[in-house]
Amino acid sequence: YAFSLGYNNNDGIVRSTGVDTYTIRLNAVKAVKKKFRIGTKVNFGYVNAISQQGANSNAVIASNSMMKSIVNYRPFIQKADADTEYDEDLDEDEEADNLSGPDKWLKHAKATRKEYRITPSLFLSYKFFPWMTLRTDAGADIRISERTKWKGRQVSRSVGAVAGVSESEAINWNWDTTLELNHQFGRHRISGTVGATMGQSMTSTQVVTGTNILQEALQEANIN
């Protein structure tokens with residue numbers, strides 16, 4: 001058997017972005033009797049990603065380029081001199097007037113993705129004879145993900161903030177059964193495999209978007 005835990009943290013090139021990845025793996029094989037074997041393999045993963053993609057009001061969940069949004073946005077509206085120290089006591093509107101276009105997007109727009117994935121599998125094999133083996137394998141791939149995007153009124157062309165949330169589930173499974181023959185009679189050999197397979201895929205997605213949202217409501221909902 002084998003068991004492992006993994007964690008990986010990658011900071012993004014753009015400030016305040018990055019990806020955290022957690023993994024768990026388990027492999028086990030057991031010979032119950034001389035002719036009978038059973039084994040399993042289970043992989044579990046969790047991804048938490050924070051990115052800075054552009055969010056437009058018509059397709060908040062779509063993957064839009066953050067750099068394109070910054071370039072297309074008016075580049076600089078900083079009122080304070082470059083030598084003026086930043087005042088942390090400024091309210092949001094006053095702060096917005098003292099931030100450049102790129103800084104506004106980095107602070108007042110965000111995209112997150114959380115995904116759980118598990119891939120369990122199980123196999124059984126039985127030797128009726130040294131030359132005849134029956135094997136059955138079953139496995140699945142289950143993904144559950146949530147994406148959120150928002151941009152505050154400081155970078156939105158609408159009166160309020162813009163936000164969107166999507167949740168999706170994808171389940172794929174398959175079951176394979178085979179009978180393998182490999183027998184020699186003197187100078188002759190008979191070998192072959194017969195089997196059957198079955199499986200199914202299911203996917204569901206829900207998307208909710210909104211415009212002209214009060215920024216305080218987003219903060220209370222922890223979307224930003």
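Arg 113 sits at 25% relative accessibility, so it counts as partly exposed (buried is under 20% relative accessible area, exposed is over 50%, and partly exposed is in between, using a 1.4 Å probe and protein chains only). Its salt-bridge partner is Glu 115, with the closest N and O atoms 3.9 Å apart. Here a salt bridge is a side-chain nitrogen of Lys or Arg within 4 Å of a carboxyl oxygen of Asp or Glu.

Keep in mind that this is a predicted model: local features need pLDDT of at least 70, side-chain atom pairs count only at pLDDT 80 or more, and totals for chains, interfaces and linings use all residues. Residues are numbered from 1 along each chain as its sequence is written, and side-chain values use heavy atoms, with hydrogens and water left out.

**Salt bridges**

- By this rule, the count comes to three salt bridges.
- Glu 115, the partner of Arg 113, is buried because its relative accessible area is 17%.
- Arg 117 pairs with Asp 141, and their closest N and O atoms are 2.7 Å apart. Arg 117 lies in strand S6 and Asp 141 in strand S7 (residues 132–151), so this pair ties together parts that are 24 residues apart in sequence.
- On the cover side, Arg 117 is partly exposed at 31% relative accessibility, while Asp 141 is buried at 18%.
- Asp 137 and Arg 135 also meet through their side chains, at 3.0 Å from N to O. Asp 137 is partly exposed at 24%, and Arg 135 is partly exposed as well, at 28%.
- As background, side chains of opposite charge can pair when their charged atoms come close.

- Strand S6 covers residues 109–129 and holds Glu 115; strands are DSSP runs (E, at least two residues; helices are H or I, at least four), numbered from the N terminus.
- Not counting residues up to four places away in sequence, Glu 115 touches Gly 45, Tyr 46, Val 47, Arg 143, Ile 144 and Ser 145. Contact means heavy atoms within 4.5 Å.
- Tyr 116 is in strand S6 too, and it is partly exposed, with a relative accessible area of 42%.
- Leaving aside neighbours within four places in sequence, the contacts of Tyr 116 include Phe 44, Ile 142 and Ile 144.
- Tyr 116 and Ser 145 are 29 residues apart in sequence, yet their C-alpha atoms are 6.2 Å apart in space.

**Nonpolar surface patch**

- Phe 3, Leu 5, Ile 24, Leu 26, Phe 44, Tyr 116 and Ile 144 make a nonpolar surface patch of about 650 Å².
- Patch residues have over 30% relative accessible area and no salt bridge; like charges are joined within 9 Å, and nonpolar side chains (Val, Leu, Ile, Met, Phe, Trp, Tyr) within 5 Å.
- Strands S1 (2–11) and S2 each supply at least two residues of this patch.
- Phe 44 is placed in strand S3 (residues 36–51) and is partly exposed at 31% relative accessible area.

**Confidence**

- Mean pLDDT for the protein is 77, and 68% of its residues reach 70 or more; pLDDT is the predictor's confidence in each residue, from 0 to 100.
- Strand S2 (residues 18–31) has the highest confidence, at a mean of 92, and strand S4 (residues 54–56) the lowest, at 47.
- Over residues 55–61 the pLDDT is below 50, and beyond near neighbours in sequence this stretch has 23 contacts in the model.
- Residues 77–91 also stay under 50, with 13 contacts beyond four places in sequence.
- Where pLDDT is low, the predicted coordinates should not be read in detail.

Conventions: Accessible areas come from the Shrake-Rupley method with a 1.4 Å probe; for residues, only the protein chains shown count as cover.
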